[in-house]
Every structure is written in structure tokens, then in C-alpha cells.
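I am opening my notebook on a new chain today. Please have a look at it first, and then follow my entries one by one.

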Amino acid sequence: MAKSKAREYVWLQCNDCGDLNYRIQVRVQGGMPKFTLMKYCPRTRTHQEHKIKRK
């Protein structure tokens, strides 16, 4: 069974330093979601807000 095209990979970009630290899979059916996550940033060594960045 083939995978559906309803999911795609996006990067999470740190709001503080601008690095692309994480790559996650999101569902794009019904529009691209807009959300932010509190994730660990290795450059600043703190938890910072990360937003979705499409490459």
C-alpha cells in the first residue's frame, strides 16, 4: 500500500537565532497549519519558540 501525499516534511526554525533545528511531518490536507512549539535550541542552550519553515 502506498503512502498518501497528505503529509509532508517541514522544518522548525528558532525564533531567536534563526537556525533550522528540527524536521517534522505535518498533515497538509485542508491547508497548512500555523503553530509554534517550545523546543530546545542547541545554539542558545535554552528552550525557545520554533515556527514552521517550508524549504
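Entry 1: I started with β3 and β4, which form a hairpin with four residues between them. In that turn I found R45, with a positive phi of about 60 degrees. Strands here are DSSP runs (E, at least two residues), helices are runs of H or I with at least four residues, and both are numbered from the N terminus.

**Entry 2: ground rules.** I am reading a predicted model, where local features need pLDDT of at least 70, side-chain atom pairs count only at pLDDT 80 or more, and totals for chains, interfaces and linings use all residues. Residues are numbered from 1 along each chain as its sequence is written, and side-chain values use heavy atoms, with hydrogens and water left out.

**Entry 3: more on the turn.** I looked up R45 itself and placed it in the loop between β3 and β4. Its positive phi, near 60 degrees, occurs in a residue other than glycine. Is R45 buried or exposed? R45 is exposed, at a relative accessible area of 66%. My scale is this: buried means under 20% relative accessible area, exposed over 50%, and partly exposed in between (1.4 Å probe, protein chains only).

**Entry 4: the pairing of β3 and β4.** I noted that β3 covers residues 36-41 and β4 covers residues 46-53. The two run antiparallel and are joined by six bridges. Two strands pair if DSSP finds at least two bridges between them. At one place in this pairing, T36 stands opposite K51 in β4.

**Entry 5: T46.** I found T46 in strand β4. T46 counts as partly exposed, with 33% relative accessibility. Leaving aside neighbours within four places in sequence, T46 is in contact with K39, Y40 and C41; contact means heavy atoms within 4.5 Å. I also checked T46 against Q25: they are 21 residues apart along the chain, and their C-alpha atoms are separated by 23 Å.

**Entry 6: the other hairpin.** I moved on to β1 and β2, which form a hairpin with five residues between them. In the turn, G18 has a positive phi of about 90 degrees. β1 and β2 run antiparallel, with seven bridges joining them. L12 stands opposite Y22 in β2.

**Entry 7: Q13.** Which strand holds Q13? Q13 lies in β1, residues 7-14. Q13 is buried because its relative accessible area is 19%. Setting aside neighbours within four places in sequence, I listed its contacts as G18, D19, L20, E49, H50, K51 and K53. Across the pairing, Q13 stands opposite K51 in β4. That belongs to the antiparallel pairing of β1 and β4, which extends over four bridges.

**Entry 8: V28.** I then stepped into the loop between β2 (20-27) and β3, where V28 lies. V28 counts as partly exposed, at 22% relative accessibility. Beyond its neighbours within four places in sequence, V28 is in contact with K5, A6 and E8. V28 and Q13 are 15 residues apart in sequence, and their C-alpha atoms are 18 Å apart in space.

**Entry 9: the whole chain.** I ended by stepping back. How many helices and strands are there? I counted zero helices and four strands, in the pattern β-β-β-β along the sequence. The C-alpha trace spans about 40 × 20 × 15 Å along its principal axes. The radius of gyration is 13 Å, while a compact globule of 55 residues would have one near 10 Å; the radius is taken over C-alpha atoms, and the globule rule is 2.2 Å times the number of residues to the power 0.38. Buried residues make up 13% of the 55 residues. Of the contacts between residues at least 6 apart in sequence, 34% join residues at least 24 apart.
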